[in-house]
Amino acid sequence: MPAPSQVAAPNAGRCPVDHARDDRKSASAARGGLLDAPTLTGFDPVRAVLRDPDARQAGFKAEVILRYRGRARPPILFLHGEAHRRQRGGTARFFTPRVVETRYRELMERTSAALIARLVRDGGGDLDRLSLELAVTVAAEIVGLTESDIPGMSRRLDAFFSTTFQTGRGKIAELMSFLLGQWRMRRFYARDVKPAIEARRAAPREDVISHLLSEGYTPLDILTECFTYGAAGMVTTREFITMAGWHLLERPELRAQFLAADADGQIAILEEILRLEPVVGTLYRHTEGGTVALDIRAANGDTAAVGACPHALDPDRTRAPKVTGPGLAFGDGEHRCPGAGVALHESAVFLDRLLRIPGMRLERAPDVGWNPLVAGYELRNCRLVVDPT
């Protein structure tokens, strides 16, 4: 087990705000995940396990997926060692900063403009629904899920991954949930994945599905990968955009700071919000000593790493050396989220446009729930209105 953090705390003895201040909006809903395991909370110990080359991915139903690896390849999320490096290297070109800027930024801006125009036309809308449509549009272009309608695919993915607001308990409810999940998976394949595969077999493109086909992946393999990207690149980005918008809309001074900042300054503010409110709150790894839970929320609040007053939203805070803006919210090591830059840039593009709408305000704060599959929050019914000017 790694030793506790020995990093000297930045800002020791100083705090820019009241020490009791807690700006976290998801803290009251935060609970654990699906696995019962010893928990690490310090920044250094958590980062050490994430960087351990011998630690294996756990959680996210890894045990269930790997049980059927004879029928389908495990998705990239559960690959390890050389197999992971090879697949990660093959898809890394879709997520580089240059590609994000040259290939996807125009899509982010165009989609954001269309969503904002619709919001203004209707006089309001739900931020979480707008965020999901944006996240699905951008991720679908990267993955290659472009042969079906985006609103329909958004609804299908939302129904599959959102668990907090589903009802029913007991064996019968579990069986019905399983059968419904299987039906939704088949529907996603028929409506979204299969048409994309057929189109790319006929004419390969620069996207993930085309790459997977060139590597000999079967339709079942590709379906599994698409669900992985659906959870990682679409659903989590939706939650973060909603959370960041909520913070910015409720704090006029932070909103003004965000709108006055350049691109790097806006990203810094978003990274601080993500540090405070990581979408995935707990990660799991199989280590030599057994399975451990890595508490990302606690690690991102370790004063030895992020300084005094760790639960205050402070974009100007001084961190310990080699501690980045979002902390461990994107993970670390070989499984660090490859789409981190995509998520931050599309969030900045959309929120910059949203917050400049004259007369736009938050009418209703979102309902906050908890998804045990990713040990993360879910935000729903975040209502925006645009007052006539």
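**Notes on a predicted chain**

1. Among contacts (heavy atoms within 4.5 Å) in the protein chain between residues at least 6 apart in sequence, 76% join residues at least 24 apart. Keep in mind that this is a predicted model, where local features need pLDDT of at least 70 and side-chain atom pairs count only at pLDDT 80 or more, while totals for chains, interfaces and linings use all residues. Residues are numbered from 1 along each chain as its sequence is written, and side-chain values use heavy atoms, with hydrogens and water left out.

2. For the overall make-up, the protein chain has 14 helices and nine strands (DSSP runs numbered from the N terminus: H or I of at least four residues for helices, E of at least two for strands). The chain has 389 residues, and 53% of them count as buried, meaning under 20% relative accessible area with a 1.4 Å probe, protein chains only.

3. Now to α9 (residues 219–250) and α10 (residues 252–260): they pack at about 110°, with axes 5 Å apart (axes are lines fitted to C-alpha atoms over the stretch in contact, and angles run from 0 to 180 degrees between N-to-C directions). The two are therefore roughly perpendicular, the word for angles of 65 to 115 degrees. On the α9 side the contact uses His 247, Leu 248, Leu 249 and Glu 250, and on the α10 side Pro 252, Leu 254, Arg 255 and Phe 258. By class that gives five nonpolar, one polar and two charged residues (Ala, Val, Leu, Ile, Met, Phe, Trp, Tyr, Cys and Pro are nonpolar; Asp, Glu, Lys and Arg charged; the others, Gly among them, polar).

4. Gly 230 is buried, at 0% relative accessible area. Leaving aside residues up to four places away in sequence, Gly 230 touches Phe 161 and Val 235. Its C-alpha atom is 9.5 Å from that of Ala 135, which is 95 residues away along the chain.

5. Another helix pair to look at is α11 (residues 263–276) with α14 (residues 340–354), packed at about 110° with axes 10 Å apart. That makes α11 roughly perpendicular to α14. Gln 266, Ile 267, Leu 270 and Glu 271 of α11 meet a set in α14 that includes Leu 344, His 345 and Leu 351.

Note on methods:
Angles under 35 degrees count as roughly parallel, over 145 as roughly antiparallel, 65 to 115 as roughly perpendicular and the rest as oblique. Buried means under 20% relative accessible area, exposed over 50%, partly exposed in between (1.4 Å probe, protein chains only).
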